[in-house]
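Subject: Structure handover

Hello,

Here is the structure I promised to pass on. Please open it first, then read my notes below.

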Amino acid sequence: MSPLRIILALIFLSAGSCELSCLHGTHHKGAPSPEPGMQECVLYSTSSCCHANFTEKITPSPIIKVDNYYWNRCGNLSKTCEDYMKKIECFYQCSPIAGHWVHPNISLAIQNVPLCQSFCDNWFEACRSDLTCVHNFLSDWTIDESGNHCKNECIPYDKMYVNGTDLCESAWGTSFVVSHSSCRCLDMTQTDGNVVKFILENELSAESREEQACKLRQPGPQDKGEPDEDEEN
């Protein structure tokens with residue numbers, strides 16, 4: 001079993017009140033569970049928030065589309081660029097840790113997921129020469145019954161986005177942010193399990209410190225209007 005899968009298993013067995021859950025999108029399950037038949041997104045096969053048959057939608061083919069959303073409106077993507085699109089789609093649809101960053105007002109969305117600068121830079125380089133017509137993949141389309149359509153002309157990624165940071169923080173709206181902390185950023189690999197474990201442990205520690213601080217702020221005898229020992233003597 002991979003390090004990511006081992007850590008995820010431990011998280012779900014021991015997280016208690018901090019147990020992670022799946023998002024509430026079209027393809028999300030009610031709770032993560034094993035999906036051994038995955039064709040893509042195999043990183044999450046031991047504990048997945050999507051069914052294995054979902055991954056057939058993003059299996060290499062002449063045209064990839066998810067829920068009538070087409071990836072080739074400016075022509076088919078290069079394999080390297082398509083691979084990064086898959087990483088993002090797999091994380092959103094299948095990762096059991098995505099729910100840690102659920103949008104506070106939209107249960108099917110994520111917000112401020114910390115991505116590593118290196119991941120964003122590599123994504124930008126992988127797609128640099130591919131064509132796109134949107135800056136925000138979530139909102140910049142014309143949508144009708146036949147799917148998504150370009151409003152603007154197709155231009156290379158390196159003309160649409162300034163750099164990797166711009167790509168990561170714009171392409172999916174507010175879903176992702178660039179983190180410069182190696183302990184708190186995801187790169188869609190097996191190391192993400194260690195990152196989430198670190199984040200959860202530190203949040204639990206912070207909560208523990210807060211509880212201790214609250215106990216110290218409990219009203220003493222004088223605050224309650226009761227005499228202390230000196231006053232009684």
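Start at Arg-128, which counts as partly exposed because its relative accessibility is 30%. Keep in mind that this is a predicted model. Arg-128 forms a salt bridge with Glu-125. The closest N and O atoms of that pair are 2.7 Å apart. Glu-125 is partly exposed too, since its relative accessibility is 46%.

Salt bridges

The count comes to seven salt bridges. Some of them share partners: Glu-40, Glu-82 and Lys-86 are joined into one network in this way. Within it, Glu-82 bridges to Lys-86, with 3.7 Å between the closest N and O atoms. Why are Glu-82 and Lys-86 separated by about one helical turn? Because they are four residues apart in helix H2. Glu-82 is buried, with a relative accessible area of 14%. Lys-86 is buried as well, at 7%.

Another salt bridge links Glu-35 and Lys-29. Here the closest N and O atoms are 2.9 Å apart. Both Glu-35 and Lys-29 are buried.

A charge without a bridge

Now look at Glu-89. It sits in helix H2, which covers residues 79–94. Glu-89 is buried, yet it has no salt bridge. Which side chain of opposite charge is nearest to Glu-89? That is Lys-57, 9.9 Å away. A salt bridge needs the nitrogen and the carboxyl oxygen within 4 Å. What does Glu-89 contact, leaving aside its neighbours within four places in sequence? The list is Phe-54, Ile-58, Val-66, Trp-71 and Trp-172.

Aromatic rings

There are seven aromatic pairs by count. One of them is Tyr-69 with Trp-141, an edge-to-face pair. Their ring centres are 5.7 Å apart, and the planes make an angle of 85°. This pair links distant parts of the chain. Tyr-69 is in strand S4 (residues 69–70), Trp-141 is in strand S7, and 72 residues separate them. Tyr-69 and Trp-141 are both buried.

Tyr-157 and Tyr-161 form a tilted pair. The centres are 5.8 Å apart, with 40° between the planes. Tyr-157 is buried, at a relative accessible area of 2%. Tyr-161 also counts as buried, at 1%.

Ring pairs link Phe-91, Tyr-92, Trp-172 and Phe-176.

Charges over rings

Two positions are worth a look. Arg-73 lies over the face of Tyr-70, at 4.2 Å from the ring centre. The charged end of Lys-87 sits over the ring of Tyr-84, at 5.9 Å from its centre.

The S7–S8 hairpin

Strand S7 runs over residues 141–144, and strand S8 over residues 147–150. They pair in the antiparallel sense over four bridges. How many residues lie between S7 and S8 in the hairpin? Two. Ile-143 has Asn-148 in S8 as its bridge partner.

Ile-155 lies in strand S9, which covers residues 155–156. Is Ile-155 buried or partly exposed? It counts as partly exposed, because its relative accessibility is 22% and buried means under 20%. Asp-130 is 25 residues away along the chain, but the C-alpha atoms of Asp-130 and Ile-155 are separated by 8.0 Å. Setting aside neighbours within four places in sequence, Ile-155 contacts Asp-130, Leu-131, Thr-132 and Met-160.

Positive phi angles

Most residues other than glycine have a negative phi. Two residues to check against that follow. Cys-41 has a positive phi, near 60°. Cys-41 is in the loop between strand S1 (28–33) and strand S2 (48–50). It counts as buried, at 7% relative accessibility. Asn-68 has a positive phi of about 65° and is not a glycine either. Its place is the loop between strand S3 (65–66) and S4. Asn-68 is partly exposed, with a relative accessible area of 27%.

Best wishes

Definitions and conventions: Residues are numbered from 1 along each chain as its sequence is written. This is a predicted model: local features need pLDDT of at least 70, side-chain atom pairs count only at pLDDT 80 or more; totals for chains, interfaces and linings use all residues. Side-chain values use heavy atoms; hydrogens and water are left out. Two strands pair if DSSP finds at least two bridges between them. Buried means under 20% relative accessible area, exposed over 50%, partly exposed in between (1.4 Å probe, protein chains only). Contact means heavy atoms within 4.5 Å. Lys and Arg count as positive and Asp and Glu as negative; His and the chain ends are not counted. Rings of Phe, Tyr and Trp (its six-membered ring) pair if their centres lie within 6.5 Å; planes under 30 degrees apart count as stacked, over 60 as edge-to-face and the rest as tilted. A charge sits over a ring if NZ of Lys or CZ of Arg is within 6 Å of the ring centre and within 35 degrees of the ring normal.
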